[in-house]
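Colleague: I have a model open on my screen and would like to learn how to read it. Could you walk me through a few features?

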Amino acid sequence: MTFTSNSPSTRFFNYSKDVDVVNSTITVFKALSIDDQLAVLWYAYTEMGKSITPAATGSARLQLAEGLLNKIKEMSHPEQLEAMRDLAAQKNTQVSRAYGILSPNTKLAFWYELAVLMTKGFVIPVPPGYQISRDGAQVLATIQGLDFGQQITVFRKVVTEMGVDPLAD
């Protein structure tokens, strides 16, 4: 029996390979330092923002995150950096708890808007001369090589797990 590209077995194999690539990318991302995780998000949203933006903001209720974004804008730059680090590290803070109640799509949009605010100077940018680690650069390169759906799956999983769910036990 000959299998063609339309064969269910072939589609299953590709699906399994896709899931493996997505899962391994997420695993390596989570193993990065907090600062490298933030850098990957910033670079990804600014470099690939044209492909990420429609999925993030189009289906999100960004107005639910506006208060949190405004709160971060009002902070000093060191406080902003600490708030972002706390989100990525899942520290139990007021900002992390407020973030924790957002939907996955709103969390995607939140990080996109944060990158926009960083680019505009309202939120602390990545420091000049910051060198992302080799592993961070590899994660970013892997994400860039993923198709649109895979990219969104990686980002959704990563940002959904950030913050603290105030309703969880």
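Modeller: Gladly! Let's start with how elements get their names: helices and strands are DSSP runs, numbered from the N terminus. Keep in mind that this is a predicted model.

Colleague: How many helices and strands does the chain have?

Modeller: The count is nine helices and zero strands. Reading from the N terminus, the order is α-α-α-α-α-α-α-α-α.

Colleague: And what share of the residues in the chain is buried?

Modeller: Of the 169 residues, 41% are buried.

Colleague: How should I read two helices packed together?

Modeller: Two packed helices are described by the angle between their axes and the distance between the axes. Here, take α2 and helix α8, residues 134–145: their axes come within 10 Å and cross at roughly 35°. The crossing is right-handed.

Colleague: Which residues of α2 and α8 make the contact?

Modeller: From α2 come Val 40, Tyr 43, Ala 44 and Glu 47, while α8 brings Gly 136, Val 139, Leu 140, Ile 143 and Gln 144. Sorted by class, this contact has six nonpolar residues, two polar and one charged.

Colleague: Now pockets, please. What is the volume of the largest pocket?

Modeller: The largest pocket has a volume of about 230 Å³. Its lining is made up of 18 residues, and those nearest the centre are Asp 35, Leu 38, Leu 81, Val 126 and Pro 127. Two or more lining residues come from each of α2 (34–47), α5 (77–89) and α7 (104–120).

Colleague: Which element gives the most to that lining?

Modeller: That is α2, with six residues. By class, the pocket lining has 16 nonpolar residues, no polar ones and two charged ones.

Colleague: Last one: how do I read a backbone phi angle?

Modeller: Most residues other than glycine have a negative phi. In this model, Gln 90 has a phi near 60°, a positive value in a residue that is not glycine.

Colleague: Where is Gln 90 placed?

Modeller: Look in the loop between α5 and α6 (94–100).

Colleague: Why does Gln 90 count as partly exposed?

Modeller: Partly exposed covers the range between under 20% for buried and over 50% for exposed. Gln 90 counts as partly exposed because its relative accessibility is 45%.

Notes. Residues are numbered from 1 along each chain as its sequence is written. This is a predicted model: local features need pLDDT of at least 70, side-chain atom pairs count only at pLDDT 80 or more; totals for chains, interfaces and linings use all residues. Side-chain values use heavy atoms; hydrogens and water are left out. On a 1 Å grid over the protein atoms alone, a cavity is a set of points where a 1.4 Å probe fits but cannot get out, and a pocket is an open set with protein on both sides within 12 Å along at least five of seven lines; lining residues have an atom within 4 Å of a point. Grid points are joined across faces, edges and corners, and a volume is the space filled by probe spheres set on the points. Helices (H or I, at least four residues) and strands (E, at least two) are DSSP runs, numbered from the N terminus. Ala, Val, Leu, Ile, Met, Phe, Trp, Tyr, Cys and Pro count as nonpolar, Asp, Glu, Lys and Arg as charged, and the others, Gly among them, as polar. Axes are lines fitted to C-alpha atoms, for helices over the stretch in contact, and angles run from 0 to 180 degrees between N-to-C directions. A crossing is left-handed if the near helix is turned anticlockwise from the far one by less than a right angle, and right-handed if clockwise. Contact means heavy atoms within 4.5 Å. Buried means under 20% relative accessible area, exposed over 50%, partly exposed in between (1.4 Å probe, protein chains only).
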